Amino acid sequence: MAFSNSHHDPGPSVAPSQANSSRSEKQSFSSSDGIDTNQISGGPSRQDETEEALWEKDIAEPEPHLPEPPSRSSLFKASFWIAVNTLATIGIVFTNKAIFSDPSLKLAQLTFAAFHFFMTWLLLYTLSRPRFAYFVPRRTTIREVIPLSIAMSLNVVLPNLSLAYSSVTFYQVARILLTPTVATMDFFLYHTTLPRNAIIALIPACTGVGVVSYYDSLPTDDVKVQTTSSIGVVFAFTGIFASSLYAVWVKSYQRKLQISSMQLLLNQAPVSAFLLLYVIPFVDTFPIWTQLPLNKWLMILTSGIFAALINLSQFFIIGQTSPVSSTVVGHLKTCLIVTLGWVTSGRSVSDKSIVGVFVAVGGIILYSVVMLRYTARGSK
């Protein structure tokens, strides 16, 4: 469940306008692909890790030097884990959609989220052991992470509910709104700003999402065509707000607690799962577990494995890809999920919502190009 956008100060005190603008620029293009695997898998966002890796490199390499060309083995390793991350991200979306197609499992959302949080904690705990030592665990108090853990739960449950009551195409296209929503929150909370061209590029992105929302939610007589219900639209937009708030909070907590994204997630994942246990008996409707088909059990297990692969691949991707490569891969995942979602939805190419898909995806790609150029120009 991949999330975060910029290095924020925890309090209302902010840095000068220029520094804030730069900080916003870094976070904005990194999150522009519309893919938020964190809400699915329980893991840190690609952007968190890219920023963290760059920050660590700045500390470890204070003296400027000519970069060494990547070796063939490092390119192969990066390509392999990018492929794993891409396939796992696509796989978890369609696996979860298949799971939620079962009416009994659709109403057990909190239980499903708690399972993913447990899988996330188990993976991070394993990777933090001395035998592997991918990162050093650091304790925080439960009291410190409770608000963030609640936000993490909403960040997973609401988008999953959106997926359960929406088509895959609408679900993925709607996630594009994460970028303008986070940018808006950054502006009001931390007074960060975006370049004018980037703001202009977000207009077609938001317009395209609106077009898809309208046409995808229209009723149809064809039972083979997947549509989005009104409640699915509500869950989508509330989920976007929750995911954006969580993204903003993660960096604020990292700064305040002086810990990495993995250290923070290791602390908050079990707290999130534990908090859900108090709510599950009053909210979830359980299926008769003994009557659940074997294929559904396998799907649930596969979903947990995909979540683990997404988190695991991030460890190997971090620091090995440039922001440009990371952004391109993110857009590739968006396009693949939207395309596969369209193919499996039963809609024809003449369906009017396809116009909104192209406008939304085109707008967010244009936004990414603007931010990449703006950031590159500012770093010279």
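Start by selecting H191, which sits in the loop between α9 and α10 (196–216). The helix labels follow DSSP: runs of H or I with at least four residues count as helices, runs of E with at least two as strands, numbered from the N terminus. Look at the backbone here. The phi of H191 is near 60°, a positive value in a residue other than glycine. H191 is partly exposed, with a relative accessible area of 48%. Buried means under 20% relative accessible area, exposed means over 50%, and partly exposed lies in between, using a 1.4 Å probe and protein chains only.

Before moving on, some ground rules. This is a predicted model, in which local features need pLDDT of at least 70 and side-chain atom pairs count only at pLDDT 80 or more, while totals for chains, interfaces and linings use all residues. Residues are numbered from 1 along each chain as its sequence is written, and side-chain values use heavy atoms, with hydrogens and water left out.

**The whole chain**

Zoom out and colour by secondary structure. The chain has 15 helices and 0 strands. Of its 380 residues, 54% are buried.

**Helix α9**

Which residues of α9 are buried? They are L178, T179, P180, T181, V182, A183, M185, D186 and Y190.

The axes are lines fitted to C-alpha atoms, for helices over the stretch in contact, and angles run from 0 to 180 degrees between N-to-C directions. Under 35 degrees counts as roughly parallel, over 145 as roughly antiparallel, 65 to 115 as roughly perpendicular, and the rest as oblique.

The crossing of α9 and α11 is right-handed. Show side chains for the contact, where contact means heavy atoms within 4.5 Å. From α9, pick L178, T181, V182, M185, D186, L189 and Y190. From α11, pick I240, F241, S243, S244, L245, A247, V248 and S252. A crossing is right-handed if the near helix is turned clockwise from the far one by less than a right angle, and left-handed if anticlockwise.

**α7 against α12**

Next, select α7 (142–164) and α12, residues 261–283. Their axes come within 8 Å and cross at roughly 70°. α7 and α12 are therefore roughly perpendicular to each other. On the α7 side, the contact includes I142, V145, I146 and L148. Facing them in α12 are residues including L264, L265, N267 and Q268.

Follow the chain back from α7. A133 lies in the loop between α6 (109–127) and α7. Its phi is near 55°, a positive value in a residue other than glycine. Is A133 buried or exposed? At 51% relative accessibility, A133 counts as exposed.

**α4 against α13**

Select residues 72–100 for α4 and 294–317 for α13. The axes come within 8 Å and cross at roughly 150°. That makes α4 roughly antiparallel to α13. α4 passes α13 in a left-handed crossing.

Select S353 in α15, residues 353–379. At 0% relative accessibility, S353 counts as buried. The C-alpha atoms of S353 and Y214 are separated by 7.9 Å, though 139 residues apart along the chain. Not counting residues up to four places away in sequence, S353 touches V212, Y215, D216, W342 and R347.

Now try S213, in α10. S213 is buried, with a relative accessible area of 9%. Leaving aside neighbours within four places in sequence, S213 is in contact with F170 and F237.

Finish at V225, in the loop between α10 and α11. V225 is buried, with a relative accessible area of 15%. The C-alpha atoms of V225 and R347 are 5.8 Å apart, across 122 residues of chain. Beyond its neighbours within four places in sequence, V225 contacts T220, S345, G346 and R347.
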